[in-house]
Amino acid sequence: MTHDTRYLMHIHYHSNLSDSELTQLQSLLDARIQLSTGREIPQPAQFEILVEGVPTRELLEASPHLHTLIIPWAGLPHKTAQLLREFPHLRVHNLHYNAQPVAEMALTLLTAVAKRIVPIDQKLRQGDWRPRYERTPPQGIGLAGKTALILGYGAIGQALGRMCVGLGMTVWGVRRTAVKVSDTAVGTTVFPATQLAELLPQANFLLVCVPRTAVTEGLIGADELHALADPAIVVNIGRAEVIQEKALYEALASGKLWGAGLDVWYNYPVDEASRAQTLPSQYPFHELENVVLSPHRASDSDETEALLLTHLAQMLNTAVGNAPLPNPLDLSAGY
């Protein structure tokens, strides 16, 4: 990529896009943007904005003009956070294109657990109709009239809150910097994190949407899980480590929790060969009927790539217009 005075801003998207994806992205971009893509560092490197979630030191040092890093998803990878300490001048922003599909997955997990969809489906596949006629214990619980506590009331949490309100739930959001306030646009009440302990005993559903940080890691343990109202369901589409692994398993195995829907885990495959034979935890969650397991795929949908490119183009067009970019990351807080 050479410097071209026709352009106001040079951007490198460190990804190999298909021809159709590149055509879509370029069609959405302001004409004053010069775009390069691919896993190779452009030569000469003169980009001002880099789009990459886990950049190398070489990539961050390549262009003397680099001032902004866009992580094309929600959250801050631990490896990226460590490296960025060496580049304090860089501004860092998230791309929240996946808020809607991730919120939809959270709601899907909640309803699947509440209605015992998976174990009853598996029984019927064997010709077993008995769950239809069993009433004790109940084979499902209602959602309307229950209270959902959304831990992490950002873009995903707000989208999830709107869905829960639509199903007749009372919805409370919790976020780090909040003061208690009614979000009339969504129909929820937002509380500061300092009130979490007093909210838990009034909540039936704990929906975890926060990233893993020094503050949130291990935030939910045995005491917090046992404090939830009865019946209680936990859904985690944030990061597994926010909930203490042993405490979660024991609360589910003992029946203290009605169930859980989990899209994030404590153990991941380390390479391609292990993808077909890696259990997601040291504890046998897979043996529990009251857990719905999902392999960290909440943002996956038929619209994922189109949403990513659309949101990315909107952010880049904002940048070339010299307006403040949305979704800034606070590196000291970890999100």
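Reader: Which residues of helix 10 are buried?
Author: This is a predicted model, where local features need pLDDT of at least 70, side-chain atom pairs count only at pLDDT 80 or more, and totals for chains, interfaces and linings use all residues. Residues are numbered from 1 along each chain as its sequence is written, and side-chain values use heavy atoms, leaving out hydrogens and water. Helices (H or I, at least four residues) and strands (E, at least two) are DSSP runs numbered from the N terminus, while buried means under 20% relative accessible area, exposed over 50%, and partly exposed in between (1.4 Å probe, protein chains only). By that cut-off, the buried residues of helix 10 are E245, A247, L248, Y249, A251 and L252.

Reader: Which residue just after helix 10 takes a positive phi?
Author: The buried residues of helix 10 are covered by elements that include helix 9 (222-227), strand 12 and strand 13. Just after the helix comes a positive phi of about 85 degrees, and the residue that takes it is G255.

Reader: What does L149 contact, leaving aside its neighbours within four places in sequence?
Author: Contact means heavy atoms within 4.5 Å. With those neighbours set aside, the partners of L149 are W172, V174, L196, L199, L200, A203, F205, L206 and L207.

Reader: How many residues of helix 4 are buried?
Author: Let's check its length too: at 1.5 Å a residue (times one less than the number of residues), helix 4 (residues 99-114) should span 22 Å, and its end C-alpha atoms are 23 Å apart, which agrees. Among its buried residues are P101, M105 and L109. Helix 4 is largely enclosed by the rest of the structure, because the buried share of its 16 residues is 12.

Reader: Is K115 exposed, partly exposed or buried, and what is its relative accessible area?
Author: K115 sits in the loop between helix 4 and helix 5. Not counting residues up to four places away in sequence, K115 touches I120, Q139, G140, I141 and G142. K115 is partly exposed, with a relative accessible area of 36%.

Reader: Which element gives the most to the lining of the largest cavity?
Author: On a 1 Å grid over the protein atoms alone, a cavity is a set of points where a 1.4 Å probe fits but cannot get out, a pocket is an open set with protein on both sides within 12 Å along at least five of seven lines, and lining residues have an atom within 4 Å of a point. The largest cavity holds about 40 Å³ of space, a volume being the space filled by probe spheres set on grid points joined across faces, edges and corners. Helix 4, helix 5 (117-124) and strand 13 (291-293) each supply at least two lining residues. With three residues, the one that gives the most is helix 5.

Reader: What is the volume of the second largest pocket?
Author: The second largest pocket has a volume of about 260 Å³.
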